[in-house]
Amino acid sequence: DFLDKGARVAVLDLDCAPLSRELAAHPDMAARCLRVTGDCTDATVVSAFFGQVEEDMGPVDILFNNVGQSARDRGSLFAESEEATWRFVLEVSLLTTMRASRRTAPGMKARGFGRIVNMSTDAAFAGDMGLADYAAAKMGVIGFTRSLARELAPHGVTVNAVCPGAIRTRAHDKLKPEVLKRIVADTPAGFVGSPQDVAAAVRFLASEEARFITGQTLLIDGGRWML
């Protein structure tokens, strides 16, 4: 969506190949998209990525922290879970958001402008059984969002969170069938959303029109959880 609007976009991901294949048919957008393959849980990789972004594209105006993962095939009831799994989920679903925000927030603050949008999940509110570690990590994202929003608001920087529910993604396909079935059954809209449903909300929160919105949590989940 940002590329469609003419923005310059930088992506750090474990696998940039799908994005590169999609952009192959759009050379103009491909030229405006820096793609770096790397692990967001590695602080050295993250620091080098933002250094490259600033050198090649200039200061970061919008940060979308779109990293996270449940335990997936290692998921279980909490009473049967292992601490190593919790630590993995917390690292990838909470600390990556804090790490990238820490790298970019000082520059935004100094320039007097910035938009940070953090990815959480409606599972943090619903407390889905079998997702205790993931719910804990992503509720941590909500608390972090509110605290950072209060800190940066006087400096023209907004910080908000989006909380998708059942969305058609490759990651979602890896959920246990019984978990996915339960989530969809609990969704009043009765269907799984699309990535475009989330992208539209992120685009709005990153826009000038959302300048008076900060510290907020927007659920995009077909009414499964209503604030």
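Hi everyone. A quick definition to begin: a crossing of two helices is right-handed if the near helix is turned clockwise from the far one by less than a right angle. Keep that in mind for the structure above, which is a predicted model.

Let's start with the helix pair. Helix 4 covers residues 83-111 and helix 6 covers residues 132-152. Their axes come within 8 Å and cross at roughly 15°. Angles under 35 degrees count as roughly parallel, so helix 4 and helix 6 are roughly parallel to each other. As for the handedness, helix 4 passes helix 6 in a right-handed crossing. Which residues of helix 4 and helix 6 make the contact? On the helix 4 side, they include T85, W86, V89, L90, S93 and L94. On the helix 6 side, Y134, A137, V141, F144 and L148 are among them. By type, the residues of this contact divide into 12 nonpolar, five polar and three charged.

Now, W86 takes us on to the aromatic rings. How many aromatic pairs does a search of the whole structure find? There are two. In one of them, F78 and W86 are stacked, with 5.2 Å from centre to centre and 25° between the planes. So W86 has a part in the helix contact and in a ring pair. Is W86 buried or partly exposed? With a relative accessible area of 27%, W86 is partly exposed. The other pair is F49 with F50, and that one is edge-to-face: the centres are 5.1 Å apart and the planes make an angle of 65°. Both F49 and F50 are buried.

F64 sits in strand 3, residues 62-65. Its relative accessibility is 29%, so F64 counts as partly exposed. Leaving aside residues up to four places away in sequence, F64 touches V117, M119 and V202.

I183 has 7% relative accessibility, and because buried means under 20%, I183 counts as buried. What does I183 touch, not counting residues up to four places away in sequence? The answer is D128, A166, L175 and R224. Of those, A166 is 17 residues from I183 in sequence, and the C-alpha to C-alpha distance between I183 and A166 is 6.9 Å.

Terms used. Residues are numbered from 1 along each chain as its sequence is written. This is a predicted model: local features need pLDDT of at least 70, side-chain atom pairs count only at pLDDT 80 or more; totals for chains, interfaces and linings use all residues. Side-chain values use heavy atoms; hydrogens and water are left out. Axes are lines fitted to C-alpha atoms, for helices over the stretch in contact, and angles run from 0 to 180 degrees between N-to-C directions. Helices (H or I, at least four residues) and strands (E, at least two) are DSSP runs, numbered from the N terminus. Angles under 35 degrees count as roughly parallel, over 145 as roughly antiparallel, 65 to 115 as roughly perpendicular and the rest as oblique. Contact means heavy atoms within 4.5 Å. Ala, Val, Leu, Ile, Met, Phe, Trp, Tyr, Cys and Pro count as nonpolar, Asp, Glu, Lys and Arg as charged, and the others, Gly among them, as polar. Rings of Phe, Tyr and Trp (its six-membered ring) pair if their centres lie within 6.5 Å; planes under 30 degrees apart count as stacked, over 60 as edge-to-face and the rest as tilted. Buried means under 20% relative accessible area, exposed over 50%, partly exposed in between (1.4 Å probe, protein chains only).
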